[in-house]
Amino acid sequence: LHALSKVLPLESLTQRPPNPPYTFTNARILYQPTIIPVSAARACTTPVSDGGLTLLSLLGYTLGGVFCVEWNDSPVGYYREVAVLSGLVLRLSPKGGGLGAWASHILVTTDDAVDA
């Protein structure tokens with residue numbers, strides 16, 4: 001995937017992302033959900049030292065999958081991304097929390113996306 005960045009215009013590789021919050025618009029997304037055994041998800045999910053991250057499961061399984069996206073407009077310009085999602089996670093903290101997916105592996109097609 002990284003080789004695809006070589007065909008992009010040089011100016012698209014030198015953009016620096018703005019400060020958060022980030023906005024991603026005009027994207028094509030494919031998500032293939034997969035039921036993952038908790039034992040496999042725990043092997044790929046790094047625990048947070050403050051205990052604020054919880055792997056969500058039901059009957060010994062969690063939801064993971066593969067997420068593929070082509071970002072036409074992002075803080076670092078155009079790029080493609082593939083992420084392997086190993087499980088659903090919940091983060092609780094005094095500042096708030098949220099539901100998300102733990103990405104155990106991420107591939108992107110540009111140097112700027114790697115650096116971001």
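Predicted model: local features only at pLDDT ≥ 70, side-chain atom pairs only at ≥ 80, totals over all residues.
Residues are numbered from 1 along each chain as its sequence is written, and side-chain values use heavy atoms, leaving out hydrogens and water.

**The overall plan.** The protein has two helices and five strands, in the order β-α-β-β-β-β-α from the N terminus. Helices (H or I, at least four residues) and strands (E, at least two) are DSSP runs, numbered from the N terminus.

**How strands meet.** Two strands pair if DSSP finds at least two bridges between them.

| Strands | Sense | Bridges |
|---|---|---|
| β2 (53-55) and β4 (79-93) | antiparallel | three bridges |
| β3 (61-73) and β4 (79-93) | antiparallel | seven bridges |
| β4 (79-93) and β5 (96-108) | antiparallel | 12 bridges |

β3 and β4 form a hairpin with five residues between them, and G77 in the turn has a positive phi of about 85°. The hairpin of β4 and β5 has two residues between its strands. As for facing residues, L53 stands opposite R91 in β4, while L90 stands opposite L99 in β5.

**Back to W71 and Y79.** The structure holds one aromatic pair. W71 and Y79 form it, tilted, at 6.5 Å centre to centre with 40° between the planes. Rings of Phe, Tyr and Trp (its six-membered ring) pair if their centres lie within 6.5 Å; planes under 30 degrees apart count as stacked, over 60 as edge-to-face and the rest as tilted. Both W71 and Y79 are buried. Buried means under 20% relative accessible area, exposed over 50%, and partly exposed in between (1.4 Å probe, protein chains only).

Of the 116 residues in the protein, 28% are buried. L59, in the loop between β2 and β3, counts as exposed because its relative accessibility is 79%. L59 also has a positive phi of about 55° although it is not a glycine. Most residues other than glycine have a negative phi. L63 lies in strand β3 and counts as partly exposed because its relative accessibility is 31%.

**Contacts along the chain.** Among contacts (heavy atoms within 4.5 Å) with a separation of 6 or more, 67% join residues 24 or more positions apart.
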